[in-house]
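Here are my notes on this one, as numbered points. Have the sequence and the model open while you read.

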Amino acid sequence: MEYTNAEQVDIIAHSMGVTLARQIIKGGAVLDLTEICELGRTIKYNVKTFLGIAAANYGLCMCDIDTATKLPVCGVRVGFFPGSSCKKHEDSSVSCASATKQDKCEPSYSHILMGINGDIPEFFGPMVREGENIFSFWSEEDEIVGSNSVWGRKTSFIPLSNGFKVFPNMKHHQLKTDTVAEQYKAIVDCTV
């Protein structure tokens with residue numbers, strides 16, 4: 001912003017980059033597995049439009065508790081762990097991918113994701129709006145994110161989004177490369 005004399009910036013993030021960008025925009029302290037990192041003050045006022053593509057804001061169903069202990073990316077503390085059960089239906093056959101919104105599962109999922117999403121404000125502070133405009137793009141055919149359903153929530157939906165767009169039959173990287181016209185519209189027209 002200093003270099004261009006712009007008053008605000010637009011941010012387009014893809015996949016894991018959505019989570020990282022959301023945390024940086026929120027600012028504050030982040031606890032990883034070994035230390036606390038201070039990101040500084042929020043930069044939310046500096047962002048005009050934030051577009052998240054193929055994100056995992058509520059985790060990934062493939063990151064079950066066994067995977068979470070073996071793969072850091074699926075970690076319970078700083079990974080994409082989605083939670084291990086539906087609190088309201090712990091004894092039923094409701095699973096991470098099969099749960100619906102009506103199941104109201106409310107799982108305890110990855111600490112870093114819960115912090116970014118404002119689910120534990122007493123520890124991580126309130127949810128921060130990532131910009132004046134927030135948009136979410138996803139596909140339900142994504143080979144990485146899956147069907148996009150995580151305990152009845154669309155994991156690629158960024159909380160407080162102004163709008164979202166679902167692209168049928170697109171794969172994970174296609175969402176980034178084959179939606180350029182829609183990305184441009186979101187940034188320039190602030191609509192999807």
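1. Phenylalanine 164 comes out as partly exposed, with a relative accessible area of 46%. The scale here calls a residue buried under 20% relative accessible area, exposed over 50% and partly exposed in between, using a 1.4 Å probe and protein chains only. Keep in mind that this is a predicted model, where local features need pLDDT of at least 70, side-chain atom pairs count only at pLDDT 80 or more, and totals for chains, interfaces and linings use all residues. Residues are numbered from 1 along each chain as its sequence is written, and side-chain values use heavy atoms, with hydrogens and water left out.

2. How many aromatic pairs does the structure hold? There are five. Rings of Phe, Tyr and Trp (its six-membered ring) pair if their centres lie within 6.5 Å; planes under 30 degrees apart are stacked, over 60 edge-to-face, and the rest tilted. In one of these, the rings of tryptophan 138 and phenylalanine 157 have centres 6.5 Å apart and planes at 85°, so they are edge-to-face. Tryptophan 138 belongs to strand β5 (residues 133–138) and phenylalanine 157 to the loop between β7 (153–154) and β8 (163–166), so this pair ties together parts 19 residues apart in sequence. Strands are DSSP runs of E, at least two residues; helices are runs of H or I, at least four; both are numbered from the N terminus.

3. Tryptophan 138 counts as buried at 3% relative accessibility, while phenylalanine 157 is partly exposed at 27%. Tryptophan 138 also pairs with phenylalanine 164: the ring centres are 5.0 Å apart and the planes at 15°, so this pair is stacked. It links strand β5 with strand β8, with the two residues 26 apart. Together, ring pairs join Trp138, Phe157 and Phe164 into a cluster.

4. On to the largest nonpolar core, which has 22 residues, with Leu60, Phe80 and Trp151 making the most contacts inside it. Helix α3 (residues 111–116) supplies the largest share, four residues. A nonpolar core means buried Ala, Val, Leu, Ile, Met, Phe, Trp, Tyr and Cys residues joined through side-chain atoms within 4.5 Å. Beyond its neighbours within four places in sequence, leucine 60 is in contact (heavy atoms within 4.5 Å) with Phe80, Pro82, Ile144, Val145 and Val150.

5. Last, threonine 179: is it buried or exposed? At 0% relative accessibility, threonine 179 is buried. It sits in the loop between α5 (174–177) and α6 (180–189). Its side chain reaches the backbone oxygen of leucine 175 at 2.4 Å. Neighbours within four places aside, threonine 179 is in contact with Phe137, Phe167, Met170 and Gln174.

Key
A polar contact is a pair of N or O atoms within 3.5 Å; within protein, one must be able to donate a hydrogen and the other to accept it, and residues adjacent in sequence count only if both atoms are side-chain atoms.
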